[in-house]
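Here are my notes on the model, point by point. Please read them with the structure open.

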Amino acid sequence: MRATLILLSIGLILSGCGQQPESTGKPSASFEESFRLALETASSGDVILVPAGTHRFNRSLTLNTDGVTIRGEGMDKSILSFAGQVAGAEGLLVNASDFVIEDIAIEDTKGDALKINEGKNIVVRRVRTEWTAGPATENGAYGIYPVQTENTLIEGSVAIGASDAGIYVGQSRQVVVRDSRAEYNVAGIEIENTIHADVYNNVATNNTGGILVFNMPQINQAGHSTRVYNNRIVDNNTPNFAIPGTAVSGVPAGSGMVINSNDRVEIFDNDIKNNQTANILISSYFSANFAGQRELAEEFDPYPETIYIYANRFSGGGEAPDRAALEQVRIALFGEDGHLPDIVWDGIQNPDKLAPEFAICVNNDGAQLLNIDGANENKNPVVDMSGHQCDHAKLPVIELAEI
Amino acid sequence: MFRNTLIALLLGVLAGCGQPVSFFDAQHYPAKLSDWGIVTRSGNRLVLGQDVDTYDLNTPLFSDYAGKLRTLWIPPGESAVFDADKTLELPVGTILSKTFFYDQHNGQLIRSDQFSGNPADLDLDRTLIIETRLLVHQPHGWDALPYVWDGADAVLKITGDLQTFEFKQTDSSIVLNYQVPSKNECAGCHATDHTSGENQPIGMKARHLNRPHPLEATNQLDRLSQRGLIRLPAGDLPANARWSDAQLHVGDRDVGDWEVSDRDVAHRARSYLDINCGHCHNPRGAADTSGLMLDIASTGPAANRRAMGVCKPPIASGGGSGGNLYSIVPGKPAQSILSYRMRTTDPADRMPEIGRTLVDAEGVAVVDAWLAGMSGECL
């Protein structure tokens, strides 16, 4: 066994730096089998190399060993293709800590492309996940999907075509998502039930919703403390192609940012443009068009609280909201040729938490907030900044531990 | 004295003519299954090794209608510790095996899940054995080893395998993409505590084993006790539903014919979800991310109904919602994600994620009957 491993390692190293890459797209059976074996028999410290070429798999790959690095030769060169996959709910499933994956692409998986379930110290660097035929309901749900992780870095990555979220960080702690691009997903980047996340220097464009910060019920960890800054969140107007019943199926096309039921969210220094429903939507769980909105577990907090929006550059957007109710409000308040303000809020608050510390604070050169009076079926929508001209203490920078 | 004689007699029966079992440490796993001596092929028969006992489960995991032969070998002189809920504490050195096979008819595989559990009933001239999975209890924990049959022996294949067959259903045949799980995929189910990541046997729980032995009328737990391998507490022991009874009553999906009480229906459905889903959908399992708990402790009358899916919206189901809003809509299986996930064969959406490519018609019928009988509504 040991001898086999060493031979395999040598084989991989050789194929990584010497041999001709497969350029024809033909299945390179020997590499695929040796790659799978390398994942199955990995020891901590292993660096598993993926040479340039399209490597085809018809069933999932699984890694369960801590301390492993998977390294390709570039997100447009080393491609794990799962077109025609017949088994497994993911492309690559990782149940491990101290994991690094870099310079590689995962394409056309039946389900999620890269799922990392429970682990500490995770790096996803210059990884592309893509459904290559473009947006479609049949595409897998998530591109880059760490869940229940801690100390997680996603950088320089690209996520395209997910039928749920391109980059989806769930139930995690201490997370940085930066320098990445999310395009043609239902949700570009989604931070859900996560505590302490920094999302910056990303581009979210041509999604249904650009960047989402959500809390869902029935999960042990309620999320809070996310900073979204210095991103370009533009033209997220792709019609929603999520399957009904999922959380993101309720996201209107043309949503730049959506905050739902999450607390302590700081949004600053972003370019947020031309998102036709609204550049920023803020809602409670009640009006998120989710199922189960009337019966919630007592411990779940459905209200977005302590939201701080400042120093963003807004332009365009709000001229064609993807909801009849919002469209009526637009025409009624702003005229046929008018547009909704940059920030649209459902106005539903916890009656026990009306103190300024829980407010939505907007300190952003003239950006307006529209309260659509969601609790009363939009009877009295109003732009009234009086409760929103305030500031909150800024959240701390996320310092990731050395990985 | 009498007791000793009885044990000797039983051991004599067990020993049969099998070869002695060999135990290997993790650095020296043999490439061939026959080296273990647990299950070997002799002509058109499968032969169990010395002191290797067969066993069966009340409600088993559905595995695409494959027949399954399960065996247990505990090293001589060792014994197990009983637990009413958790996996029996089996000694280091224990080896469990499960051999998967299908009967063949005109070159097609046919349904074989009603296998008696007696290896003597297997005729390899008409039965195709595909794989044997071992769970080996090492000092560091349980190792999972997939062996794939090729002629007279099976070969260790850490990476698993994907084999394609024609499978005959009632009036048609379909392609069966049979998946032999890789070592890591074995952990996908057997790491029932996903945080620790350590493999555990799943079937080796009192409630699964509490039933007659496949070769004789003795209760399997009593048999372990009689062999001196376990000490049982006094009183009734938990038991999941006997799936063969449930199947008998389901007939051909006609749930209306059931002449059973609601309590029996619930017990059968909960037993089914327990063994098919509970290894991930438990409070420490890989699927705790979903907030949906389907192990038997989490689906009882006192359970948090939302946590077991009643009016619970999905978290990260993707297409797995099937367009439905809740895991369980009381009284409405067709609107319940739980049922959809059992009825779909799409690899991205079907449940369990590993080990099922066909629809388990009886499983769906039993779970749907349970959902249909639930009262309440989702507002």
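This is a predicted model: local features need pLDDT of at least 70, side-chain atom pairs count only at pLDDT 80 or more; totals for chains, interfaces and linings use all residues.

**Notes on the two-chain model**

1. Start with one helix of chain A.

2. After the helix comes G335(A), with a positive phi near 85°.

3. Next, chain A as a whole. Chain A has three helices and 29 strands. Its radius of gyration is 22 Å, which agrees with the value near 22 Å that a compact globule of 403 residues would have. Along the principal axes, the C-alpha trace of chain A spans about 75 × 40 × 40 Å.

4. Burial and contact range in chain A follow. Of the 403 residues in chain A, 59% are buried. Take the contacts in chain A between residues at least 6 apart in sequence: 63% of them join residues at least 24 apart.

5. Which residues have the most contacts inside the largest nonpolar core? They are I144(A), I167(A), V177(A), M257(A), I280(A) and I343(A), in a core of 105 residues. Another core, of 79 residues, lies apart from the largest one. Its members include Y102(B), V265(B), A286(B) and I354(B).

6. Now chain B. Chain B has eight helices and 11 strands. The radius of gyration of chain B is 21 Å, close to the 21 Å that the globule rule gives for 379 residues, so chain B is as compact as a globular protein of that length. The C-alpha atoms of chain B fill a box of roughly 65 × 50 × 40 Å along the principal axes.

7. Buried residues make up 47% of its 379 residues. Among contacts in chain B between residues at least 6 apart in sequence, 60% join residues at least 24 apart.

8. How is chain B divided by the domain assignment? Domain 1 covers 2-226 and domain 2 covers 243-372. The centres of these two domains of chain B, taken over C-alpha atoms, are 26 Å apart. Their contact takes 24 residues from domain 1 of chain B and 19 residues from domain 2 of chain B. On the domain 1 side, β11 (173-180) and α2 (183-190) of chain B each supply at least two residues. By class, that side has 10 nonpolar, 10 polar and four charged residues.

9. Last, the contact between the chains. It takes 45 residues from chain A and 40 residues from chain B. On the chain A side, α2 (29-40), β3 (59-63), β6 (87-94), β8 (112-130) and β9 (142-155) each supply at least two residues. The largest share, five residues, comes from α2(A). By class, the side of chain A that touches chain B has 17 nonpolar, 18 polar and 10 charged residues.

Notes:
Residues are numbered from 1 along each chain as its sequence is written. Chains are lettered from A and ligands numbered from 1 in the order in which they are written. Two residues are in contact if their C-beta atoms, placed from the backbone, lie within 7 Å. Helices (H or I, at least four residues) and strands (E, at least two) are DSSP runs, numbered from the N terminus. Ala, Val, Leu, Ile, Met, Phe, Trp, Tyr, Cys and Pro count as nonpolar, Asp, Glu, Lys and Arg as charged, and the others, Gly among them, as polar. Domain bounds come from an automatic or database domain assignment. The radius of gyration is taken over C-alpha atoms; the globule rule is 2.2 Å times the number of residues to the power 0.38. A residue is buried if 20 or more other C-beta atoms lie within 10 Å of its own, exposed if 12 or fewer, and partly exposed in between; C-beta atoms are placed from the backbone. A nonpolar core is a set of buried Ala, Val, Leu, Ile, Met, Phe, Trp, Tyr and Cys residues joined through C-beta atoms within 7 Å.
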